[in-house]
Amino acid sequence: MTTPALAFTFRNMAERAENRLLRIGVHGIGDHARRTILPAVDAAPTLILAGISTRNPEVRKSEGEKWSCPGWDGLDAMLNSAELDAVIVASPIGCHFVDG
């Protein structure tokens, strides 16, 4: 069952998707994000990968080049620089509170 607030969010996103691609950021580029999340965002016809953030500079560079998107060294930097419609937080659960 979807809560009313979530239902509104999904409707709003669906309405926006009719007009343009949704710009997605992914924070936390570990194995799960590289194997599953980034390919899924890339394959979705209504999404565009608008940026990634990770503390690892080598991963940031290689994945940014692979997916043709900018990379930042943290969530705050990505949120302050990129125009995003949504962010997927893919960092380990124990990091979520620290990440913001």
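Guide: Start in the sheet: Gly 25 has Gly 51 in β2 as its bridge partner. Keep in mind that this is a predicted model.

Visitor: What makes β2 and β3 a pair?

Guide: They have two bridges, in the parallel sense. The cut-off is at least two bridges, so this also counts as pairing. Gly 71 in β3 is the bridge partner of Ile 52.

Visitor: Why are β3 and β4 called edge strands?

Guide: The open sheet has four strands in the order β3-β2-β1-β4, with parallel pairing. β3 (71-72) and β4 each pair on one side only, and that is why they are called edge strands.

Visitor: How many helices and strands does the protein chain have, and in what order do the elements run?

Guide: There are five helices and four strands. From the N terminus on, the order is α-β-α-β-α-β-α-β-α.

Visitor: Why is Ser 53 called buried?

Guide: Buried means under 20% relative accessible area. Ser 53 has 0%, so it is buried. This residue lies in strand β2, where five of the seven residues are buried. Leaving aside neighbours within four places in sequence, Ser 53 is in contact with residues including Val 26, His 27, Trp 72 and Met 78.

Visitor: Why does Thr 54 count as buried?

Guide: Its relative accessibility is 10%, and therefore Thr 54 counts as buried, the limit being under 20%. Thr 54 is found in the loop between β2 and α3. Its contacts, apart from neighbours within four places in sequence, are Ile 29, Val 59, Arg 60, Trp 72 and Asp 73. Thr 54 and Gly 30 are 24 residues apart along the chain, and their C-alpha atoms are separated by 8.4 Å.

Visitor: Is Ser 68 buried or exposed, and how do you know?

Guide: The relative accessible area of Ser 68 is 66%, so this residue is exposed; the word applies over 50%. Ser 68 has its place in the loop between α3 and β3.

Visitor: What makes the phi of Ser 68 worth a remark?

Guide: Most residues other than glycine have a negative phi. Ser 68 is not a glycine, yet its phi is positive, about 55 degrees.

Visitor: What makes β1 mostly covered?

Guide: Five of the six residues of β1 are buried. For the protein chain as a whole, buried residues make up 31% of the 100 residues.

Visitor: Which residues touch the most other members of the largest nonpolar core?

Guide: That core has 14 residues, and those touching the most other members are Val 26, Ile 29, Ala 33, Ile 37, Leu 38, Leu 49 and Ile 52. At least two core residues come from each of β1 (22-27), α2 (31-43), β2 (47-53) and α3 (57-67). The largest share, four residues, is supplied by α2.

Visitor: Which residues of α2 are buried, and what covers them?

Guide: The buried ones are Ala 33, Ile 37, Leu 38 and Val 41. Their cover includes β1, β2, α3 and β4 (86-89). Ala 33, for its part, touches Val 26, Gly 28, Leu 38, Pro 39 and Ala 90, not counting residues up to four places away in sequence.

Visitor: How do you know that the span of α2 is close to the one expected?

Guide: The expected span is 1.5 Å times one less than the number of residues. α2 has 13 residues, and 18 Å is expected; from first C-alpha to last, the helix reaches 18 Å. The two values are therefore called close.

Visitor: Where in α2 does a kink lie?

Guide: The kink lies at Ile 37, shortly before the proline Pro 39, and is about 30 degrees.

Conventions
Residues numbered from 1 in each chain as written. Predicted model: local features only at pLDDT ≥ 70, side-chain atom pairs only at ≥ 80, totals over all residues. Heavy atoms only, no water. Core = buried A, V, L, I, M, F, W, Y, C linked by side-chain atoms within 4.5 Å. Buried < 20%, exposed > 50% of the residue type's maximum accessible area, 1.4 Å probe, protein only. Contact = heavy atoms within 4.5 Å. Bend = angle between axes of the 7 residues up to and from the residue.
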